[in-house]
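I set out to record the pockets of this structure. The entries below follow the order in which I looked things up.

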Amino acid sequence: MSGIEPSERIKKLPPYLFVRLEELKEKALKEGKDLIDLGIGDPDLPTPDFIIQAMKQALDNPENHRYPTSRGLFAFRESASKYLERRFGVKISPEQIVTLIGSKEGIAHFPLGWLNQGDIALVPSPAYPVYKIGTIFAEGVPYFLPLKEENNFLPDLDSVPQEVWERAKILFLNYPNNPTSAVCELEFFERAVFYAKKYQLWVANDLAYAELCFDGYLAPSILQVPGAEEVAIEFHSLSKTFNMTGWRVGFAVGAREAVDILARVKSNIDSGVFQAIQWAGVEALEKGEPAIEEIRAVYQRRRDILAEGLEQAGFKFQKPKATFYFWVKTPKGISSEEMVAILLEQAGIIASPGSGYGSEGEGYIRLAIVSEESRLKEAKNRLSQLKL
Ligand SMILES: *Cc1c(COP(=O)(O)O)cnc(C)c1O
């Protein structure tokens, strides 16, 4: 023990909630149990080959061995801009885009550019933990917006008190949503933009699951709302779209000032993304459509298998229209953590406790369809034998 105290900002971090789960998992593995891991949202599929080939080519070019610019390669930002126009019909200049070391990096750094001590960031609960943690690191205060089933897991913006809006500088949103798999329509983004203009704050939409949509549904971008370009910043990621979680590449796009300040924060902390990776990103964004279709089809088949299994076992959930998550209600009287333990012990299925994503996640578990079809069929069999 050094006797050196960690900072208050470290001490303020929420405890890591998956410790018990990891212990249980370790124990099950030691017992030689055959586990089906639906716990972590990390695709099991490989990155499409055409992207890997582009990376290999870019590796051989010594120009790519030097420091990248902290804004990001112009060609990458141009490809991102073209993708946004093709996919969402929005025209945005590459000047309003910054390359990120994965969208998580941008989301975590964004509050550093805007929050002073005590400023509020509106953060959904349950949610991807980075909105809250980025806020805490910037000495801001998260104000939690409950996502409830009766509101289709959208926050009720109209119920946020005026004095909270007045102290708020950022509103975090994430549709298609992790962990609830909820989606939204453009009308909801219009409402968010309305409040952002009224109270002068940034809407930061996390669109990590832009392309993992099923049954013909296509997720909107907040930038499709007229005037959103003045108050919105959107975080995009290649991770889930192209099975590239390990590569660390994404981008932020939106209001010039919001993007500029984020680029400024970043230029003082990191030096951008390895250019060979950005060139692979160019290839993905420009020629990725067939790969996206394939990846969607894989997850849609998997979704149908698990949906059937959960339904037959009597669980309550909404069949996901997007993302690779199932947000499943625990049976009455059983907590998130208890349900996760039961699934592990009785079925060898690893799930995440909903409570790990915020207090409003209690009473739910999250299952990620990141195992192949044969394993999901096995999960379905095991679910049918569950004794609750
Ligand atoms: C996976 C995920 C991200 C992170 O993506 P990276 O680009 O790999 O950092 C961001 N937001 C949500 C909601 C996610 O689930």
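Entry 1. I note that the model is a predicted one.

Entry 2. I then looked up the extent of this pocket. The largest pocket holds about 1,300 Å³ of space, and 48 residues line it. Nearest its centre I found Phe18, Lys104, Tyr128, Pro129 and Tyr357. The elements that supply two or more residues to this lining are helix H2 (19-30), helix H5 (103-109), strand E3 (120-125) and helix H6 (130-137).

Entry 3. Next I sorted the lining of the largest pocket by class, which gave 23 nonpolar, 15 polar and 10 charged residues. I also checked the domains: domain 1 (8-46 + 290-383) and domain 2 (66-287) each provide at least three residues of the lining of the largest pocket.

Entry 4. I turned to the second largest pocket, for which I noted a volume of about 280 Å³. Its lining comprises 19 residues. Asn152, Ser181, Ala182, Val183 and Gln318 are those that lie nearest the centre of the second largest pocket. At least two lining residues come from each of strand E9 (316-317) and strand E10 (325-329).

Entry 5. For the lining of the second largest pocket I recorded 9 nonpolar, 4 polar and 6 charged residues. Which domains each give at least three residues to this lining? I found that domain 1 (8-46 + 290-383) and domain 2 (66-287) each do so for the second largest pocket.

Key. Residues are numbered from 1 along each chain as its sequence is written. This is a predicted model: local features need pLDDT of at least 70, side-chain atom pairs count only at pLDDT 80 or more; totals for chains, interfaces and linings use all residues. Side-chain values use heavy atoms; hydrogens and water are left out. On a 1 Å grid over the protein atoms alone, a cavity is a set of points where a 1.4 Å probe fits but cannot get out, and a pocket is an open set with protein on both sides within 12 Å along at least five of seven lines; lining residues have an atom within 4 Å of a point. Grid points are joined across faces, edges and corners, and a volume is the space filled by probe spheres set on the points. Helices (H or I, at least four residues) and strands (E, at least two) are DSSP runs, numbered from the N terminus. Ala, Val, Leu, Ile, Met, Phe, Trp, Tyr, Cys and Pro count as nonpolar, Asp, Glu, Lys and Arg as charged, and the others, Gly among them, as polar. Domain bounds come from an automatic or database domain assignment.
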